[in-house]
Amino acid sequence: MKILIAADSFKDALPAQQVCAAIADGVKKVQPAAEVVVFPLTDGGEGLAEVFAHHLGGSPVHLNAYDPLGRDVPCTYILSANGDKAFIEMAQASGLQRLSEEERNPMLTSTYGTGQMIAHALDSGVRHILLGLGGSATNDAGMGMAAALGFEFHTAQGKELLPRGESLIAIERIDVSNAHPALAETRFEVLCDVKNPLFGQMGAAYVFGRQKGANAAMIERLDLGLQQFGALLEKTFGQDFASPPGAGAAGGMGAACLAFLKGQLFPGIDVVMNLTNFDAALEGADLVFTGEGRLDSQTLGGKLIRGICARATQHGVPTIALCGAIDADQTFLDLIGLKAAFAIGRKVQIFDDALASTEENLRFVAEQVMRVVSVGYKEYPVIDLKVG
């Protein structure tokens, strides 16, 4: 029996590698003779660098960069084994996990640190960068990232603005004359798992602002700023960067990557699965375990579980999900392609305690699922769970 464990990180709780290891421990308690393949994944958000390092090797590059509030923090990106590509994770510098609950305020946060990481890679000679969006604490439309790469943002009176969310509404001119010279000769592949436009009811501020600490008044003002910024991008570069699917990813970083980096946006999970050779890992598998912190309507928008289910179904392999929370019915699970899904909570807990119990709960629920799968079989069962 071959069991593939391909899971994402559980936000604020466990990185993908530890999630997979915990599930593997539970599986092996019931099926010690099974071939268990640990295959951490990400859809391009938190954990991207770690996942690529696990599968592809390469070397970590350490540097200091600004966190969302401008504090110097240690960050890491991965340089590929042959040195021709850099894997940069936006959340390393600009992630929500960098801030306490009380510090979260997208009016004040900036993506400047992500721009510093990109500049470091460019200065090191890298000319192919894979940039993972997701997990951001920001809603500055990538203004901070661009500022770190030499772009300047001015008011009508010529005053240079601080690159953060509250400044969007005041920008009247973008100065491109000092942009990093290597940008023109660098290929940027941008991984994002959402299709939201830059602004509007389905845009960056209205859909994602609240989870970053914004109240209703902030969301309204941020959206007005994004509208202003989108119009200015079109005026400056002669192209609409606000409407393409994914422009609103990571607080508008999608639009910034299109405009300032001339990058291309890709569904993160597809790029990651292709680069890590996920299809080869599926060969001969009898069952796939996957998981992420929350299974809900966003899962249909291209997130990791749906991507895994699509590939697994092509290979005729059933997929079971273990999640921190499930906001879905069976019709929804069928639409995603899951055979079954289980929430891992075992008792009523306050949120912080539930996060602290994630590893233990994953291990326990994985064991219970395998006990059910193995009912009626002997020591080394041959279980036909194949799709169809």
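Student: Where is S9 found?
Tutor: S9 is found in the loop between β1 (2–5) and α1. Such labels refer to DSSP runs, where a helix is a run of H or I of at least four residues and a strand is a run of E of at least two, numbered from the N terminus. This is a predicted model, in which local features need pLDDT of at least 70 and side-chain atom pairs count only at pLDDT 80 or more, while totals for chains, interfaces and linings use all residues. Residues are numbered from 1 along each chain as its sequence is written, and side-chain values use heavy atoms, with hydrogens and water left out.

Student: Does S9 count as buried or exposed?
Tutor: Buried means under 20% relative accessible area, exposed means over 50%, and partly exposed lies in between, using a 1.4 Å probe and protein chains only. S9 has 15% relative accessibility, so it counts as buried.

Student: Which residues does S9 touch?
Tutor: A contact is a case of heavy atoms within 4.5 Å. Not counting residues up to four places away in sequence, S9 touches L14, P15, A16, V19, L41, E46, E292 and G293. M107 is 98 residues from S9 along the chain, and the C-alpha atoms of these two are separated by 27 Å.

Student: At what angle do the axes of helix α1 and helix α14 cross?
Tutor: An axis is a line fitted to C-alpha atoms, for helices over the stretch in contact, and angles run from 0 to 180 degrees between N-to-C directions. The axes of α1 (residues 16–30) and α14 (residues 358–373) cross at roughly 40° and come within 7 Å. As for handedness, a crossing is left-handed if the near helix is turned anticlockwise from the far one by less than a right angle, and right-handed if clockwise; the crossing of α1 and α14 is right-handed. Among the residues that meet there are V19, A22 and I23 in α1, and L362, A366 and M370 in α14.

Student: In what order do the strands of the six-stranded open sheet lie?
Tutor: Two strands pair if DSSP finds at least two bridges between them. The order here is β3-β4-β5-β6-β9-β10, with mixed pairing. The edge strands are β3 (59–66) and β10 (264–267), each of which pairs on one side only. Neighbouring strands of this sheet are turned by 30° against each other on average, direction ignored.

Student: Which strands pair with β6, and in what sense?
Tutor: β6 (residues 128–132) pairs in the parallel sense with β5 (residues 86–89) over four bridges, and A86 has I129 as its bridge partner. Five bridges join β6 to β9, which also run parallel; there G132 stands opposite L191, and L131 has V190 as its bridge partner.

Student: Which residues cover the two faces of β6 as buried positions?
Tutor: H128, L130 and G132 on one side and I129 and L131 on the other are all buried. β9 is mostly covered as well, with five of its six residues buried.

Student: Which helices lie on this sheet?
Tutor: Helix α4 (residues 112–123) lies across β3, β4 (72–79), β5, β6 and β9 (187–192), and runs at about 135° to β3. Helix α9 (residues 268–275) packs on the sheet, touching β5, β6, β9 and β10, and its direction makes about 80° with that of β10.

Student: Which residues of the largest nonpolar core touch the most other members?
Tutor: A nonpolar core is a set of buried Ala, Val, Leu, Ile, Met, Phe, Trp, Tyr and Cys residues joined through side-chain atoms within 4.5 Å. In this core of 62 residues, I118, I129, L133 and F260 touch the most other members. Helix α8 (residues 249–260) gives the core its largest share, nine residues. Apart from it lies another core, of 36 residues, among them A6, A16, I78 and A321.

Student: Why is α8 described as largely enclosed by the rest of the structure?
Tutor: It is described in that way because 12 of the 12 residues of α8 are buried. Just after α8, K262 takes a positive phi of about 55°.
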